[in-house]
Amino acid sequence: MTTGTTSATTTEPKPMTDASLILTETDGAVGIIRLNRPKVLNALNPELMSMLAAQCEAWDKDPAIHVILIAGSERAWAAGADIGDMAERSAIEMYERDQFATWERIKRVKKPLVAAVSGWALGGGCELMMHCDIVIASETAQFGQPEINIGVMPGAGGTQRLSRAVGKAIAMDVILSGRFLSADEAYRFGLVSRVVPTEHYYSEALKVAHALAKKSSIALRLAKEGVLKAFETTLSEGLEYERKLFYMLFATEDQKEGMRAFVEKRRPDFKGR
Ligand code: CO8
């Protein structure tokens, strides 16, 4: 892994030396992962996904990292799972490979995942983006689940997460017709958090990641858990769950520090515990 001190004012990640499928660096308490298969528009093959999951897990355990930023390039966040890698496989081969186990590892990451998305976010790429918690998109980004055009359907959560994000009418349109959504549509439909001019999409995402990194790391993790619970349970159970998480935060030093700092009119100094 390389380390660096990227400034939040740059428009693209500064060059990194790692020549692998993902490029990594740390910038303060932000861990940055850049998908790096430019020749195939960052198509997601099992090796890349394993590296991505392993890096996310490593930073999830690392107290020095509070937030993970995942970026692609300006041309492509990721144009889907690697079609060449799947084209001739049998059902049993796909079953035995169990690629989705890797995606489950990303789903289990407790720290916030911020996505810096530009260009194509299609198929598995759109599904990977939907594993992230805050999505900063460039105004030229395009989103879709075009698997229908190659004789299949979404497999890494698209039918479930897209429907929850944008509702049945839009999800059916996108998944059954394979049409792409513009960044403006994606924002209006609730698929992405913010849309910014393309030249600022990366710096904006980094800025958001740094802003989050200044919060209490433990409060961030429990808040993320609470929001994700909303998609898994009933309202009553979700409210009960939220209350337990809320009470739990009163066992942290950060709760005392945060509230005392407010009363004393100073900035809090969070420790993440
Ligand atoms: N897989 C492999 N290679 C790809 C992929 C992909 N998903 N997308 C693009 N590429 C390659 C192209 O083959 C091309 O390679 P080459 O230069 O060697 O010909 C290169 O990237 C550049 O692509 P294009 O020349 O096509 O670029 P364009 O700007 O003309 O078009 C598009 C860009 C519209 C993004 C076009 O490339 C495209 O339609 N790509 C495929 C999109 C797609 O269908 N995605 C869904 C894939 S299936 C999937 O994601 C299922 C996920 C669920 C399971 C995951 C775990 C198993």
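A nitrogen atom of the ligand is placed 2.9 Å from a polar backbone atom of alanine 79, in what is a predicted model of the protein with its ligand. An oxygen atom of the ligand, in turn, is 2.7 Å from a polar backbone atom of glycine 124, and an oxygen atom of the ligand is also 3.2 Å from an N or O atom in the side chain of arginine 75. The protein buries 65% of the 1,100 Å² that the ligand exposes when it is taken alone. The points below begin with the surroundings of the ligand and go on to the cores, the ring contacts and some individual residues.

**Surroundings of the ligand**

- The ligand has 24 residues around it, and of these Ala79, Ala81, Ile83, Gln99 and Gly124 come nearest.
- Two or more residues of the shell around the ligand are given by each of the elements α2 (83-86), α4 (100-107), β6 and α5 (124-131).
- Glycine 124, whose backbone supplies the polar atom 2.7 Å from a ligand oxygen, is found in helix α5.
- Glycine 124 has a relative accessible area of 6%, and because that value is under 20% the residue counts as buried.

**Glutamine 145 and its polar contacts**

- Glutamine 145 belongs to the loop between β8 (142-144) and α6 (158-166), and its relative accessibility of 1% makes it buried.
- The side chain of glutamine 145 reaches the backbone oxygen of glycine 123 at 3.5 Å, while a second polar contact, of 3.1 Å, joins the side chain of glutamine 145 to that of glutamate 147.

**Nonpolar cores**

- In soluble globular proteins, nonpolar side chains tend to be buried together.
- The largest nonpolar core in this model has 43 residues, and the members with the most contacts inside it are Trp77, Met129, Phe143 and Leu191.
- Helix α1 (residues 46-61) is the element that gives the most to this core, contributing 6 residues.

**Aromatic rings and a charge over a ring**

- How many aromatic pairs does the model contain? The count comes to 2 aromatic pairs.
- Tryptophan 120 and phenylalanine 180 form one of these pairs, with 5.6 Å from centre to centre and 65° between the planes, and the arrangement is edge-to-face because the angle is over 60 degrees.
- This pair links distant parts of the chain, since tryptophan 120 lies in strand β6 (residues 120-122) and phenylalanine 180 in the loop between α7 (168-177) and β9 (181-182), 60 residues apart.
- Both partners are partly exposed, tryptophan 120 at 26% relative accessibility and phenylalanine 180 with a relative accessible area of 31%.
- The rings of phenylalanine 246 and phenylalanine 250 have centres 5.2 Å apart and planes at 65°, so this pair is edge-to-face; phenylalanine 250 is partly exposed, with a relative accessible area of 35%.
- The charged end of lysine 229 sits over the ring of tyrosine 241, at 4.4 Å from the centre of that ring.

- Asparagine 42, although it is not a glycine, has a positive phi of about 60°.
- Asparagine 42 lies in the loop between β2 (30-35) and α1, and it is buried, with a relative accessible area of 2%.
- Lysine 265 is a residue other than glycine with a positive phi, near 55°, and it is found in the segment after α12 (253-263).
- Is lysine 265 buried or exposed? With a relative accessible area of 77%, lysine 265 is exposed, because that value is over 50%.

**A position in helix α1**

- Glutamate 47 has its place in helix α1, and its relative accessible area of 44% makes it partly exposed.
- Glutamate 47 and isoleucine 22 are 25 residues apart in sequence, and their C-alpha atoms are 9.9 Å apart in space.

How values were computed:
Residues numbered from 1 in each chain as written. Predicted model: local features only at pLDDT ≥ 70, side-chain atom pairs only at ≥ 80, totals over all residues. Heavy atoms only, no water. Core = buried A, V, L, I, M, F, W, Y, C linked by side-chain atoms within 4.5 Å. Buried < 20%, exposed > 50% of the residue type's maximum accessible area, 1.4 Å probe, protein only. Helix = DSSP H or I, 4+ residues; strand = E, 2+ residues; numbered from the N terminus. Phe/Tyr/Trp six-rings, centres within 6.5 Å; stacked < 30°, edge-to-face > 60°. Lys NZ or Arg CZ within 6 Å of the ring centre and 35° of its normal. Near = heavy atom within 4 Å. Polar contact = N/O pair within 3.5 Å; in protein donor to acceptor, adjacent residues only side chain to side chain. Areas by Shrake-Rupley, 256 points an atom, 1.4 Å probe, with all protein chains shown as cover.
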